[in-house]
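Please walk through this structure with me, beginning with the terms on which the description rests and then moving from one region to the next.

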Amino acid sequence: MIAINQGDEMLTVSELSKLAGVTPDAIRHYTHIGLLKVERRAKNGYRLFNTANVKHVKFIRRAQGLGFTLADIAIIFQHSEKGQSPCPAVRDIIHQRIDDNRTRLAGLNALQQRMDEALDKWKTMPDGEPDGNAICYLIESVTEPIE
């Protein structure tokens, strides 16, 4: 850690990334999109962060682990920085993520079923040769509409 003034400990990108358990590129990205604030730059041009950013990075990773996007996390930080509870927004966002996940899971389950059915059908089909009219007889034998 770099001490700028007595008791004022600052972290470089590398130090912050090690303490928070993420890559330096993640720290740079979070800074670029505004989730982390550079406190000041050292004489050598290095970005310096206060130690509170360790907590912010760990919060970001925990929120991502629950399915929140970086844009969602920015909204949460904005509420918090204004002294407003972000909890109502957090509940709304996670409800939307759950609905989105259910929709995606239904689509994936339908895809899995089509794949299983195609594979079962293909087990008894011979390999075909491209003849100018067909590229792959297996795929072309599937009559399911393309989604």
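A residue is called buried when its relative accessible area is under 20%, exposed when it is over 50%, and partly exposed in between, using a 1.4 Å probe and protein chains only. By that criterion arginine 104 is exposed, because its relative accessible area is 56%. The model is a predicted one, in which local features need pLDDT of at least 70 and side-chain atom pairs count only at pLDDT 80 or more, while totals for chains, interfaces and linings use all residues. Residues are numbered from 1 along each chain as its sequence is written, and side-chain values use heavy atoms, with hydrogens and water left out.

Arginine 104 lies in helix H5 (residues 87-122), where helices (H or I, at least four residues) and strands (E, at least two) are DSSP runs numbered from the N terminus. Its side chain is joined to that of asparagine 101 by a polar contact of 3.0 Å; such a contact is a pair of N or O atoms within 3.5 Å, and within protein one must be able to donate a hydrogen and the other to accept it, with residues adjacent in sequence counting only if both atoms are side-chain atoms.

Within H2, the buried residues are Ala26, Ile27, Tyr30 and Thr31. They lie on the same side of H2 because they cover an arc of only 135° around the axis, the arc being that of the directions from the helix axis to the C-beta atoms. The face turned away from this buried side carries the exposed residues Asp25 and His32.

What aromatic pairing does a search of the whole structure find? The search finds one aromatic pair, formed by phenylalanine 59 and phenylalanine 77, which is tilted, at 5.5 Å centre to centre and 35° between the planes. Rings of Phe, Tyr and Trp (its six-membered ring) pair if their centres lie within 6.5 Å, and planes under 30 degrees apart count as stacked, over 60 as edge-to-face and the rest as tilted. Phenylalanine 59 counts as partly exposed at 33% relative accessibility, whereas phenylalanine 77 counts as buried at 9%.
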